[in-house]
Amino acid sequence: MIARTLTIAGSDSGGGAGIQADIKTFQELETFGMSAITAITAQNTLGVQKVYPLAPEAAAEQIHSVATDLGVDATKTGMLATADIVKTVAQKIREFGLFPLVVDPVMVSTSGHVLLDEDARIVYKKELIPLASVVTPNLPEAEVLTGLSLADPDSRRQAARMFVEWGAKAVVIKGGHGNESTADDLYYDGEEFSVLSAPRFDTKQTHGTGCTFSAAITAFLAKGASTYDAVKQAKEFITAAISHPLNLGRGHGPTNHFAYRHRRENR
Ligand SMILES: Nc1ncnc2c1ncn2[C@@H]1O[C@H](COP(=O)(O)OP(=O)(O)OP(=O)(O)O)[C@@H](O)[C@H]1O
Ligand SMILES: Cc1ncc(COP(=O)(O)O)c(N)n1
């Protein structure tokens with residue numbers, strides 16, 4: 001049977017991030033993608049013009065519909081908007097056993113728009129991170145959640161240990177926002193640290209990189225990969241997507257979700 005993937009996240013009308021990036025990634029990686037929408041954004045490459053969070057029950061009903069009929073092999077969470085949605089989503093994940101679970105703690109868009117209410121952060125740590133098979137904060141998100149300044153490798157390792165202490169089985173602290181010459185992501189599973197490294201491309205077309213990366217991890221997990229292998233292959237997917245830009249829009253353009261498959265087909 002085809003592997004079934006579920007994203008619980010916000011809609012990006014511009015198609016580069018959120019639910020749309022997730023479904024494209026699920027499809028490219030030959031899984032059957034499904035969605036529970038938590039918020040609707042009016043958004044393009046220039047920024048987020050408007051956010052409409054949905055009622056928590058709307059997310060709960062969508063998860064119920066999918067889980068009680070089609071079934072789910074791996075799940076991810078993205079933009080959850082409010083503390084009440086975070087609580088409800090965590091409860092539904094527990095109720096339906098929607099594991100393995102990738103938690104992408106989306107807080108602020110590339111363009112600087114707040115996508116998670118401040119009072120949701122505590123709930124996140126208490127309710128959602130402990131359920132995660134892997135949690136994928138970027139550097140600013142990891143700084144907000146741990147309260148540490150993450151300018152050097154030692155502090156990043158300390159932050160990674162904190163996520164595992166809170167109950168996540170593994171963590172990837174993504175280095176996209178760092179200023180090193182390579183885009184290095186730090187992986188930790190409670191036992192070993194590894195650095196997943198890729199060239200840093202000098203590009204503005206990075207809208208949706210985090211969503212795409214976490215969706216790719218979810219797809220590889222749904223197909224049976226170990227967490228580390230899923231993260232490693234997802235890093236190849238996102239590196240291909242960033243390095244073959246589509247040049248759309250006038251701001252931070254989307255990544256290229258076709259690139260990984262095209263590269264494999266042309267080998
Ligand atoms: N310019 C770049 N060149 C190469 N890889 C990059 C670049 N920017 C980000 N990445 C990679 O993309 C992935 C997502 O990382 P990033 O830190 O951008 O996440 P994010 O901030 O959550 O993304 P988003 O833009 O969706 O919010 C990571 O594997 C990171 O290393
Ligand atoms: C619905 C939604 N989810 C997530 C992001 C984060 O992506 P980015 O940081 O690349 O803007 C976003 N902009 N919109």
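Two residues are in contact here if their C-beta atoms, placed from the backbone, lie within 7 Å. The model described is a predicted one. UniProt, in an unreviewed entry, places the feature "domain: Pyridoxamine kinase/Phosphomethylpyrimidine kinase" at residues 12-256. Over residues 12-256 the chain is 40% helix and 19% strand, and the end C-alpha atoms are 16 Å apart.

**Helices α3 and α4**

- In α3, the residues Ala-83, Val-86, Lys-87 and Ala-90 meet Ala-120, Val-123, Tyr-124, Glu-127 and Leu-128 of α4.
- The contact of α3 with α4 has seven nonpolar and two charged residues, with no polar residues.
- Helix α3 spans residues 83-96 and helix α4 spans residues 120-128; their axes come within 9 Å and cross at roughly 10°.
- Angles under 35 degrees count as roughly parallel, and α3 and α4 are therefore roughly parallel to each other.

**Helix α7 and its partners**

- Helix α1, residues 18-28, packs with α7 at an angle of about 40°, and the two axes are 8 Å apart.
- The helices α1 and α7 are therefore oblique to each other, and α1 passes α7 in a right-handed crossing.
- On the α1 side the contact involves Gly-18, Ala-21, Asp-22, Thr-25 and Phe-26, which meet Cys-211, Thr-212, Ala-215, Ala-216 and Ala-219 in α7.
- Six nonpolar, three polar and one charged residues make up the contact of α1 with α7.
- The axes of α7 and α8 come within 8 Å, crossing at roughly 140°.
- The pair α7 and α8 is therefore oblique as well, and the crossing of α7 and α8 is right-handed.
- The contact of α7 with α8 divides into 12 nonpolar, four polar and one charged residues.

**Surroundings of ligand 1**

- Ligand 1 is surrounded by 23 residues, the closest being Asn-138, Lys-174, Gly-176, Ala-183 and Gly-210.
- At least two residues of the shell around ligand 1 are supplied by each of β8 (182-188), α7 (209-222) and α8 (227-243).
- Sorted by class, the shell around ligand 1 contains eight nonpolar, 11 polar and four charged residues.

**Backbone features**

- Most residues other than glycine have a negative phi, and most peptide bonds are trans.
- Phe-99 and Pro-100 are joined by a cis peptide bond, with omega about -5°.
- Pro-100 has its place in the loop between α3 and β5 (101-103).
- Glu-30, a residue other than glycine, has a positive phi near 55°.
- Glu-30 is found in the loop between α1 and β2.

Terms used: Residues are numbered from 1 along each chain as its sequence is written. Chains are lettered from A and ligands numbered from 1 in the order in which they are written. This is a predicted model: local features need pLDDT of at least 70, side-chain atom pairs count only at pLDDT 80 or more; totals for chains, interfaces and linings use all residues. A residue is near a molecule or strand if its C-beta atom, placed from the backbone, lies within 6 Å of it. Helices (H or I, at least four residues) and strands (E, at least two) are DSSP runs, numbered from the N terminus. Ala, Val, Leu, Ile, Met, Phe, Trp, Tyr, Cys and Pro count as nonpolar, Asp, Glu, Lys and Arg as charged, and the others, Gly among them, as polar. Axes are lines fitted to C-alpha atoms, for helices over the stretch in contact, and angles run from 0 to 180 degrees between N-to-C directions. Angles under 35 degrees count as roughly parallel, over 145 as roughly antiparallel, 65 to 115 as roughly perpendicular and the rest as oblique. A crossing is left-handed if the near helix is turned anticlockwise from the far one by less than a right angle, and right-handed if clockwise. UniProt positions are given in the numbering used here, feature names are shortened, and annotations may be inferred rather than shown by experiment.
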